[in-house]
Amino acid sequence: MDITITRTSAPRPRPDEDHIPFGTFFSDHMFLMDYTAGKGWHDPRIVPYGPLPLEPSCMTLHYAQAVFEGLKAYRTAEGRVQLFRPTENIARMARSCEKLCIPEVPADVYLDALKTLVELDADWVPSAPDTSLYIRPFVFATDAHLGVHASHTYLFCIITCPVGSYYPEGLDPVHIAIESREVRAVRGGTGFTKCGGNYAASLHASEIAEKQGFSQVLWLDGVEQKYIEEVGSMNVMFKLAGKIVTPSLASGSVLPGITRKTALQLLTEWGYEVQERNISVDELIAAAQDGSLEEAWGTGTAAVISPVGQIFYQGRTYTVNDFQIGPVTHRLYETITGIQWGRLPDSHGWTVPVC
Ligand SMILES: *Cc1c(COP(=O)(O)O)cnc(C)c1O
């Protein structure tokens, strides 16, 4: 499918590269493609970034039949622009779409759309250290109809925005609270998909935790509220007595992160024993008490690796690695960001050049 391009005649205001607020300044163009039942996906096009016409009865506004993705374009020291494992995002969105009864976006058109849009707006990919262009693909139901069923029409859209360094003051450990009342996802639900509804469900507990001074919530499973699932909107990993332990994806309520997958592959190559399994809060707290909890960190595209310095549970605070970044946490951060920004060789073929 050929992508039609309509260039903007009114370039948008740009942020100062050294102080880019997250998700606020959008680049000049966006990608759009329509789906109509019986016709399939059609009219792939890049147009100037701007508002979308929307019926108040648009099904997404009422029943949240929508999914999204998040990835980044990185500028290397030589000035090239590259993506990191975009086919993983494309495959994950296909799994999200299937669960939400949304027709899958063809993978070849999707990758072409990502590359063409980023290349057209390449001068929006910042070059200051640790900055990147965040890419947000999303697809949502557009039927103007209030019946509860899968929509017959959809819009696939990709917007991009420059983002600043996640850690302007260096890699800071975070203080998190174990949430034992509210849950993010349940077995058999949408936890493994990247859908807005999961985020809506997480806001209440996150706001309360934030008011109490915690930066993230450590979510427990939605069935027994006994096993660790994720930290905020990141996957979570622990170094327990020399072994790397992370919640298994088998329950379907943990999001299969691409940073998670990348980190697990590197850790295995580095010779660590990696266990994907259930980790109960009791096991974690016992390990924090007897000193076998050596490191803890979150993984996700936005922060890459986020060290956990303190864990709050039932009125007590447990400090991890003296609130310092541990050696494994640090090595993962340096290696993954090194490959993403082209400072380290990419022996896995994870990066995809754009221009
Ligand atoms: C996106 C996301 C992650 C991290 O996935 P990455 O592919 O590593 O960015 C983890 N948990 C949740 C709930 C997410 O939405």
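The model is predicted, so local features need pLDDT of at least 70 and side-chain atom pairs count only at pLDDT 80 or more, while totals for chains, interfaces and linings use all residues. Residues are numbered from 1 along each chain as its sequence is written, and side-chain values use heavy atoms, with hydrogens and water left out.

**The ligand and its shell**

- Of the 14 residues around the ligand, Lys194, Tyr199, Glu230, Thr259 and Thr301 come nearest, where a residue counts as near if one of its heavy atoms lies within 4 Å.
- The shell around the ligand divides into four nonpolar, six polar and four charged residues, with Ala, Val, Leu, Ile, Met, Phe, Trp, Tyr, Cys and Pro counted as nonpolar, Asp, Glu, Lys and Arg as charged, and the others, Gly among them, as polar.
- Both β12 (234-240) and α5 (258-269) supply at least two residues of this shell; helices (H or I, at least four residues) and strands (E, at least two) are DSSP runs, numbered from the N terminus.

**Atoms close to the ligand**

- A polar side-chain atom of Glu230 lies 2.5 Å from a nitrogen atom of the ligand.
- For Thr259, a polar side-chain atom is 2.6 Å from an oxygen atom of the ligand, and for Thr301 a polar side-chain atom is likewise 2.6 Å from an oxygen atom of the ligand.
- The protein covers 96% of the 380 Å² of accessible area that the ligand has on its own, an area that comes from the Shrake-Rupley method with a 1.4 Å probe.

**The largest pocket**

- The space taken by the ligand is the largest pocket; a molecule sits in a pocket if more than half of its atoms lie within 2 Å of the grid points.
- On a 1 Å grid over the protein atoms alone, a pocket is an open set with protein on both sides within 12 Å along at least five of seven lines, a cavity is a set of points where a 1.4 Å probe fits but cannot get out, and lining residues have an atom within 4 Å of a point.
- The largest pocket has a volume of about 850 Å³, and of the 37 residues that line it, the closest to its centre are Tyr199, Gln216, Gly232, Ser233 and Met234.
- The largest share of this lining, eight residues, comes from α4.

**The largest cavity**

- The structure holds three cavities of 30 Å³ or more, and about 80 Å³ of space lies in the largest cavity.
- Among the residues that line the largest cavity are Gly70, Phe84, Thr259 and Thr301.
- With three residues, β5 gives the most to the lining of the largest cavity.

Terms used: A polar contact is a pair of N or O atoms within 3.5 Å; within protein, one must be able to donate a hydrogen and the other to accept it, and residues adjacent in sequence count only if both atoms are side-chain atoms. Grid points are joined across faces, edges and corners, and a volume is the space filled by probe spheres set on the points.
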